[in-house]
Amino acid sequence: MAIEVPVEHVLLVAAALFLLGLLGVLVRRNIIFLLMSLEVMMNSAGLAFIAAGAKWGAPDGQIMFMLILALAAAEVAVALGLVLQISRRFDTLDVDAASELNG
Amino acid sequence: MLEYLWLVPALPLAGFFALFVTEGKLPDKIVAVIGAGSVGLAALVALGAGIEFVQSGEASYSQTLWTWMAVGNFAPSISLYLDPLSLVMTGVITGVGFLIHLFATGYMWKDHQEPEGLSRFFAYMNLFVFAMLMLVLGDNLLVLFLGWEGVGLCSYLLIGFYHRDPENGYAARKAFVVTRVGDTLMAIGLFLLFRELATLDIQTALGDAAQLDSGMATAIGLLLLGGAVGKSAQVPLQTWLPDAMAGPTPVSALIHAATMVTAGVYLIARMKGIYDLAPAAQFAVAIVGLVTLLISSFTALTQTDIKRILAYSTMSQIGYMFMALGVGAWSAGIFHLMTHAFFKALLFLASGSVILALHHEQDIFKMGGLWRKLPVPFASMLIGSGALVALPFITSGFYSKDAILLTAHGYEHHGGLFWFGGVLAAVMTALYTTRMMVVAFFGETKTEPHDSSRINMWGPLVVLCVLSIGGGWLGIGVLDGLLGPINEFSHAHPMALTTMILPLIGIFLGWPIFRGQIDLSRLVGSTFGDALRRFWQSGWAFDWVYDRLFVKPFVWVARVNKGDAVDLVFRITAAVTRGLHHIGALTQTGRLRWYAANMAIGLIVVVLIVASA
Amino acid sequence: MTLDLALFWIPALVALASTLLVITRKNAAHALIYLVVSLLSVAVIFFVLGAPFAAALEVVIYAGAIVVLFLFVVMMLNLGNTSVMRESRWLRPGMWVAPAILVSVLLITMVYVIVGLPDANVTKGEMVGPKAVGNELFRPYLLAVELAGFLLLAALIGAYHLGRRYLEQRREP
């Protein structure tokens, strides 16, 4: 049923997605975009797991993906709460505005 | 009642907790009821348990409460051990303790220096009674040591009770530090004992003591003597006791006369089995007692503060007890401990009444002519002094002191010397007691007293008067059977007659001298006499010597080492760490994207390392 | 094999392209739409790789729940034209240089590692259905499920606390 492709290809796509997400995190100052980029990065990690699972025909890859999914959901819920607080407190979405933890 | 023995220490402890957790918020009346009542109930329980114990005819009774800790083979238990010795001690602590607590409810009421301190005072006092009871009832040396340190702590807290005056804090610290010297010796002694016998249980240890070789037994005996010397204010660790009079007078009566300072006597009496194996250590006990006895009686002759006179007299009387234990008059020593607790508590409480009536005037030369104005304290002082001087036949002190002196005379090593020292000190005792009574109570009135004492103050005095007189017959009647024969000599013995009569000479000499009928001013005023007087007044210059020998060098070392050379290592470490912290903090920009970029760089490094492996 | 490769690479390229658009958009709503496209194409990849359950979850939870959450926030913050202009101010071309170099270095190392893998790593081509996943999930991975449950509960409480409107008023006296 399913296709047979070299795992390297899938992993390359996953790496590329991950790095695009990282690029977004590094470049964007708007915290909403930053969070979207984070979602992309986590999604690419899930893709790598699925690829590994497909290589062995085992369900473990999908299970790890589901755990990543739970993590992403939790992260997004808390992070968006933080976004609301930051926008109220600093009246901006600039992530560099919240730099009070500098040493 | 015997199975309720645990209540005896538990009641004062409960009283302490009740007063401690309420932080002085209770009304003064309730504080007094709790403070004195807990000890009173403990005394009743102790009385009931004691009667049942005596009737049962058993040699001992022990009650295990729980196991303290279990480490390998070492499992000391919290258990109480009642035998004649601890029964006598328990009776003295709870009985005399209760009377003193009762007196204190009057003495400390609306105290002029610490009007808010009543709750604190009784909390410490109750804690002290608990600790002292654990000391004497403890079945093993660890519990004993717990009580030992507990009474030391309470003594410290109560000497410094009037903490607003730095002098009192100094006195408290001095008492604490000096007794710590003895306690350290004692702890080493306990360590040695545990190493040799692998137990701290007193009865087991004494049973196995025959396994000790004589050198080890002597070492342990001497180390324990060190602890006893510190606690009981004997030479050379006696210097703290006169300063300890800075505490309230009931404290001096309870802790520094009747109970805590006799803990050393108790310890040596309790460890008798060790001293039996170590004649050298036992001889040292006798020597310590004799030296203290003489030094402190001469010192008492020159003091002017009534409480300091009594403090030196306490030291000398404990010297008698040490001498008694040293020369083998074991039961006589314990008997003297009991009678001394009665009459010295009486003397302190009576002097407390006088001091209170004179608005805290303690100098006897500012008193004078009080016998008419303060009849109850005067009568109490008179009876107490009679017992202290050991007036023949009618006072309790006579029976106990006489027994000690006569046994000392029969002691095989220099018995005559001990007898002579003891009698000489007895003469001196008579002399300084007469001086105190004459100067303070006769002659012209110098300060007008205001007697405001009530039944809770003169009641205990009356009871203690009765005990000071009747305690002797009580001892002969009851203790003789419990502890073993006290006095094996007849009073008709010629030696006994001398012993009996010599102290009276002190009184007959003292009366005219201090009334001013014999003029000794040329003798006292001469250069030598004056120097001797000042030497005695300073307590044979022990404080001066210790100050030069220990305090000054220590302070000097502390001053030289102000920068604390040893600490330099740690300070350098701290400085280096702080420097690294400042460097590390530079990377802490607070910018999220900067952190992410750094993580990416780290990722590159990790991936390269993994790939190249 | 060629068909298989095409089945994989077409959604993969769509995913890469839409992700690139996500990180470059100035309007948050547009970016979110591209994010949905990216997620859906990844879901297609999951499906063709033989993980239909994961694909369904990807659509339902990622493209559905999470993106909708984002949309709500964007709505609440009311990001309009001013925010687009602010984005253009923040997103100057010079900003891209250093991160791009960093990411390129990382890409090169990753490609080097992935290409260096041993040969014959081809996916098995089997469908692993929800039944197999469920069997595995609730037996050996039960502990992980519990832990994920804890995590979600903590997130729930945290989000509830952070989401309160007047949290900041108690901060400063």
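The model is a predicted one. Its largest nonpolar core holds 190 residues, and a second, separate core holds 84 residues.

**Nonpolar cores**

- Within the largest nonpolar core, the residues that touch the most other members are Met132(B) and Phe322(B), while the element that gives the most to this core is helix 15 of chain B (residues 330-357), with 18 residues.
- Once neighbours within four places in sequence are set aside, the contacts of Phe322(B) include Leu225(B), Ala228(B), Val229(B) and Ser232(B), and also among them are Gly264(B), Val265(B), Ile268(B), Val285(B) and Gly289(B).
- The second core, which is separate, includes Ala51(A) from chain A together with Ala31(C), Phe46(C) and Phe70(C) from chain C.

**Chain A**

- Chain A has three helices and zero strands, and 65% of its 103 residues count as buried.

**Helix 4 of chain B**

- Helix 4 of chain B, which covers residues 118-137, reaches 28 Å from its first C-alpha to its last, close to the 28 Å expected at 1.5 Å a residue.
- This helix is mostly covered, since 19 of its 20 residues are buried.

**Interface of chain C and chain B**

- Eight residues of chain C are in contact with nine residues of chain B, and the area buried between the two chains is about 670 Å², with carbon and sulfur atoms giving 93%.
- On the side of chain C, the residues that lose the most area to chain B are Leu102(C), Leu106(C) and Thr109(C), which together make up 60% of what that side buries.
- Zero salt bridges are found by the rule across this interface.

**Backbone features of chain B**

- The peptide bond from Val235(B) to Pro236(B) is cis, with omega near 10°, and Pro236(B) lies in the loop between helix 8 (214-231) and helix 9 (240-243).
- His359(B), which is not a glycine, has a positive phi of about 55°; this residue is found in the loop between helix 15 and helix 16 (375-389), and it counts as exposed because its relative accessibility is 55%.
- Ala541(B), also not a glycine, has a positive phi of about 60° and lies in the loop between helix 22 (527-537) and helix 23 (542-560), but Ala541(B) counts as buried because its relative accessibility is 15%.

Conventions. Residues are numbered from 1 along each chain as its sequence is written. Chains are lettered from A and ligands numbered from 1 in the order in which they are written. This is a predicted model: local features need pLDDT of at least 70, side-chain atom pairs count only at pLDDT 80 or more; totals for chains, interfaces and linings use all residues. Side-chain values use heavy atoms; hydrogens and water are left out. A nonpolar core is a set of buried Ala, Val, Leu, Ile, Met, Phe, Trp, Tyr and Cys residues joined through side-chain atoms within 4.5 Å. Buried means under 20% relative accessible area, exposed over 50%, partly exposed in between (1.4 Å probe, protein chains only). Helices (H or I, at least four residues) and strands (E, at least two) are DSSP runs, numbered from the N terminus. Contact means heavy atoms within 4.5 Å. The expected span of a helix is 1.5 Å times one less than its number of residues. Buried area is the accessible area (1.4 Å probe) that two parts lose on being put together, summed over both. A salt bridge is a side-chain nitrogen of Lys or Arg within 4 Å of a carboxyl oxygen of Asp or Glu.
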